[in-house]
Amino acid sequence: MSYPFDVNGETVWDAGHLTGRMYASLAHGAAEALNLETGLTANRQGGCDVEPPIFRSFVEGLYNAYSSTKNPVLHGITHSLLACSTILAERVGFQIAMAPEHEDALQAERADFTRAMS
């Protein structure tokens, strides 16, 4: 069973059911903590519809929280969520600008996630 993430009826990530539910739940929790919306809405097909402009604001806000501190706990908590979110963002049709040190820190995990999210 899968958990598709769709933009205008087109699936941009056909996640496994648990993986998709977990990602959506973590994104919603982070968005709540950051006073943001995710742009992810549960749909009747058992996945999420992605609203690109709102999702972009969420990913940018998540990155801003990540990059605005040197707190290792906050970095650890947001690291994987940010890696996954930036890959989904590219599939939705946008990229966020990151400082080189943050891109480097996320590079290995993004490579692993990109293969797994195919």
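The structure is a predicted model, in which local features need pLDDT of at least 70 and side-chain atom pairs count only at pLDDT 80 or more, while totals for chains, interfaces and linings use all residues. Residues are numbered from 1 along each chain as its sequence is written, and side-chain values use heavy atoms, with hydrogens and water left out. Helices are DSSP runs (H or I, at least four residues) numbered from the N terminus.

**Pockets**

- The largest pocket holds about 290 Å³ of space, where a pocket is an open set of points on a 1 Å grid over the protein atoms alone, with a 1.4 Å probe fitting at the points and protein on both sides within 12 Å along at least five of seven lines; the volume is the space filled by probe spheres set on the points, which are joined across faces, edges and corners.
- Its lining (residues with an atom within 4 Å of a point) comprises 17 residues, and L26, A30, I77, T78 and L81 are the ones that lie nearest the centre of the pocket.
- At least two lining residues of the largest pocket come from each of helix 1 (17-33), helix 2 (52-67) and helix 3 (72-92).
- The lining of the largest pocket divides into 14 nonpolar, three polar and no charged residues, with Ala, Val, Leu, Ile, Met, Phe, Trp, Tyr, Cys and Pro counted as nonpolar, Asp, Glu, Lys and Arg as charged, and the others, Gly among them, as polar.
- The second largest pocket, with a volume of about 170 Å³, is lined by T86, E90, F94, Q95, I96, M98, E103, L106, Q107 and R110.
- Helix 3 and helix 4 (100-116) each supply at least two residues of the lining of the second largest pocket, and helix 4 gives the most, with four residues.
- By class, four nonpolar, three polar and three charged residues line the second largest pocket.

**Helix 3 with helix 4**

- Helix 3 and helix 4 pack with their axes 9 Å apart and at an angle of about 60°, axes being lines fitted to C-alpha atoms over the stretch in contact and angles running from 0 to 180 degrees between N-to-C directions.
- That angle makes helix 3 oblique to helix 4, since angles under 35 degrees count as roughly parallel, over 145 as roughly antiparallel, 65 to 115 as roughly perpendicular and the rest as oblique.
- The contact (heavy atoms within 4.5 Å) joins H79, S80, L82, A83, C84, T86, I87, E90 and R91 of helix 3 to A105, L106, E109, R110, F113 and T114 of helix 4, and by class it has seven nonpolar, four polar and four charged residues.

**Helix 1 with helix 3**

- The axes of helix 1 and helix 3 cross at roughly 105° and come within 11 Å, and the two helices are therefore roughly perpendicular to each other.
- In this contact Y23, L26, A27 and A30 of helix 1 meet L81, C84, S85 and L88 of helix 3, a set with seven nonpolar, one polar and no charged residues.

**Helix 2 with helix 4**

- Helix 2 and helix 4 pack at about 105° with their axes 11 Å apart, which makes helix 2 roughly perpendicular to helix 4.
- Y63, Y66 and S67 in helix 2 meet H102, A105 and L106 in helix 4, giving four nonpolar, two polar and no charged residues.
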